[in-house]
Amino acid sequence: MMKQMITVVILVILAGCATNQSPTGRSQTLLFSAQQMDQMGAESFEQMKQQQALSKDKQRIAYVRCVASRITAVLPVGQPKWEVVLFESEQINAFALPGGHIGVYTGLLKVATNQDQLATVIGHEVAHVLANHSNEQVSRAQMTGVGMQLANAALDVSGVSNRDLYMAALGLGAQVGFVLPYGREQESEADIMGVELMARAGFDPSQSIKLWQNMAKAGGSQGPELLSTHPSHGRRIADLQQMQPKVMPLYQASQAKVKNSCD
């Protein structure tokens, strides 16, 4: 009976959801509106700013904001004003949230050793938002969460809060104790979109290869958290090498528009 109840509830949810196509043509199940996603992103970002140390290094903050602003400047029209925060942490990580929020950890700056390499990561993270990957993940968490809540109610045990599910699905799993990571197809899509964004913003896309080589070396054989569910290092680097003939002309065309370096 409980399995039947769970199935019925999930089918009701799916009946009211929107379908979309990802940049590579995948079918996406999206349960939430853009406004709802923006609200989740804003609330999650505020919570992180309250709970985690913020960098006070003005030079580093200006540098990260400079790189991020060039990436966000080439996004489609109608984007929010993006908020960029540098967190003081040894984590080799960064993230972007719906509603226009970018977080970078100071530990990343030890691996992304120049503006082009930092742009690779920021472009990749912003691409997740543009491709509705956050909505996909939160939708998956919602469907899973409904089943968990029904099952837990029947067993009279405590469930997992929706807030934690949403935080994890937004890519913030390390902060809430468990992870709902992006899938490899989503990661590959973000790679494709991200390297195009950085090239259009005037950052050298060939440096994306060096960045991921650096990432592969960081943290030993497993690499940093940022790589935990990504395609293999060799596969990612090979894909980026294949993309160079397409994105280098975008980079070259952008050079006339770029007035200042962030370095």
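Student: How much of the chain is buried?
Tutor: Buried residues come to 50% of the 263 in the chain, where buried means under 20% relative accessible area with a 1.4 Å probe, protein chains only. This is a predicted model, so local features need pLDDT of at least 70, side-chain atom pairs count only at pLDDT 80 or more, and totals for chains, interfaces and linings use all residues. Numbering runs from 1 along each chain as its sequence is written, and side-chain values use heavy atoms, with hydrogens and water left out.

Student: OK, what about the sheet, what order are the three strands in?
Tutor: The order is S3-S5-S4, in an open sheet with mixed pairing; strands are DSSP runs (E, at least two residues) and helices are too (H or I, at least four), numbered from the N terminus. Pairing takes at least two DSSP bridges between two strands. S3 and S4 (94-97) are the edge strands, each pairing on one side only.

Student: And how many bridges join S3 to S5?
Tutor: Five, and the two strands run parallel. Val 84, for instance, has Ile 102 in S5 as its bridge partner.

Student: Switching to helices: which strands does H3 touch?
Tutor: H3 packs on the sheet against S3 and S5, touching here being heavy atoms within 4.5 Å.

Student: Which H3 residues are buried?
Tutor: Among them are Ile 61, Val 64, Val 67 and Ile 71. Their cover includes S3, S5, H4 (115-130) and H7 (184-200).

Student: What sits at the start of H3?
Tutor: A side-chain oxygen of Asp 57 comes within 3.1 Å of the backbone nitrogen of Gln 59.

Conventions: Polar contact = N/O pair within 3.5 Å; in protein donor to acceptor, adjacent residues only side chain to side chain. Axes fitted to C-alpha atoms, helices over the stretch in contact; angles between N-to-C directions.
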